[in-house]
Amino acid sequence: MLLVLCVDLDDDLGRKTGLSTPVVGRQNVEDAAVALATADPEDSDVNVLFQGIRVHDQLLEDEDEEVEVAAVTGVDGSDVKANRAIGEEIDTVLASISTAESIHAIVISDGAQDESVLPVIRSRVPIDGVRRVVVRQAQNLESMYYTMKQVLADPETRGTILVPLGILLLIYPFVTIASLFDVPGAVVLGLISALLGLYTLFRGLGLETAVDEAANRARNVLYAGRVTIITYVAAAALLVVGGVRGIELLQTVTESVGGNPPAGLVLAALVHGAVEWFAAAGITSSLGQVTDEYLHDRFKWRYLNAPFYVAAIAIVLYALSGFFLPEGVVGVQKFYLTGLAVALTVGTLLGVLSTLTFAVAESRFPTTPDGEQPA
């Protein structure tokens, strides 16, 4: 048995005529087509219903088997709900047909949007053919509209196409506004070109994934209440101050020496001026990290070595840079050979003693929870 199935995905038939669906039988479908044509002569679903009747009559003449025609509708506004509604109405149609033969369907639609329901139909009854009814004066117009609708509904495609197009369309208004403030149009064009170039590189290199991951990590850190947020910010500020202090000391040393100082002297001045602040930044960030490890039950005694190592390195660098700098310069702590030897010894002992101390503490007072093997 052949079933001619007229598909109306957005339920124009039910909404505009008030008829209940599905509509089964040639005369009933013809009455429904006339009712829809009377309510809205411009609706393309009118053509679908009449085409279904025409196909039904042709098959009756050409085929030796039974032929039935039915109209099924979905719902307006949601493709998923519409597909489900059409599936339920097809089940109703199949249940109302009394035949011992297997049923095959011929689907009549008015465009690509209605044909999106084909998998739903195929899951219930084999499909022998699909016929699309198109008004000759508007051929492919609805299919083009549906394709554009689907493209613009996709977030990724929408961002790729519409953002550059929007920037290009803003060129003229930007240039017009810039002219009111005596800004050259070339500046505006250059800025827009730079924005387009950055956007193209951003999309081409796939950086949106990396940016999203970085934002998620930052959000998780903020919500977790980690102490390292504060200590890292403080450490960054100390690094900036240390860099400025190093440059200021270099300028002072350059003025006192005169001319162009050698590279070794420049390096020594930068280190001598900045190392104290850099050490403070290192100690601050390491203490924040140790605090977070303790709060999350991941603390190890050896983690406390970090601030002592930073202090030991800072002592050595401070004394070594002071050994090479001239005496009598404001802001310079001059070290001689004896003072340098003492600083090197103190730095070395500080690092060694901290390592031994916390190694002993780790063995005497292990921080590993019961049942776990120490790392």
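1. Tyr294, Phe299 and Trp301 form one aromatic cluster. Rings of Phe, Tyr and Trp (its six-membered ring) are paired if their centres lie within 6.5 Å; planes under 30 degrees apart are stacked, over 60 edge-to-face, and the rest tilted. By this rule there are five aromatic pairs.

2. On the basis of these notes: this is a predicted model, in which local features need pLDDT of at least 70 and side-chain atom pairs count only at pLDDT 80 or more, while totals for chains, interfaces and linings use all residues. Residues are numbered from 1 along each chain as its sequence is written, and side-chain values use heavy atoms, with hydrogens and water left out.

3. Phe308 and Phe358 make a tilted pair, 5.8 Å centre to centre with 50 degrees between the planes. This pair links distant parts of the chain, since Phe308 is in helix 14 (residues 305–324) and Phe358 in helix 15 (residues 337–364), 50 residues apart. Phe308 counts as partly exposed because its relative accessibility is 34%, and Phe358 counts as buried because its value is 10%. The classes are buried under 20% relative accessible area, exposed over 50%, and partly exposed in between (1.4 Å probe, protein chains only).

4. The Phe323 and Phe324 rings have centres 5.3 Å apart and planes at 85 degrees, so they are an edge-to-face pair. Phe323 is partly exposed, at a relative accessible area of 28%, whereas Phe324 is exposed, at 53%.

5. Lys334 lies over the face of Phe323, 5.9 Å from the ring centre. The charged end of Lys334 also sits over the ring of Tyr336, 5.7 Å from its centre. The rule for a charge over a ring is NZ of Lys or CZ of Arg within 6 Å of the ring centre and within 35 degrees of the ring normal.

6. The protein chain has 15 helices and five strands, taken as DSSP runs numbered from the N terminus (helices H or I, at least four residues; strands E, at least two). Of its 375 residues, 33% count as buried.

7. Helix 12 (residues 228–257) has 30 residues and reaches 42 Å from its first C-alpha to its last, close to the 44 Å expected at 1.5 Å a residue. The expected span is 1.5 Å times one less than the number of residues. Its buried residues, including Leu238, Gly242, Gly246 and Leu249, pack against helix 13. Just after helix 12, Gly258 takes a positive phi of about 80 degrees.

8. Helix 13 (residues 263–295) has 33 residues and should span 48 Å; its end C-alpha atoms are 46 Å apart, which agrees. A kink of about 45 degrees is centred on Ala274, the bend being the angle between axes fitted to the seven residues ending there and the seven starting there. Asp297, which follows helix 13, has a positive phi near 60 degrees.

9. The largest nonpolar core has 22 residues, and Leu3 and Ile121 have the most contacts inside it. Such a core is a set of buried Ala, Val, Leu, Ile, Met, Phe, Trp, Tyr and Cys residues joined through side-chain atoms within 4.5 Å. Helix 4 gives the largest share, five residues. Leaving aside neighbours within four places in sequence, Ile121 is in contact (heavy atoms within 4.5 Å) with Leu5, Val7, Ile90, Val107 and Ile127.
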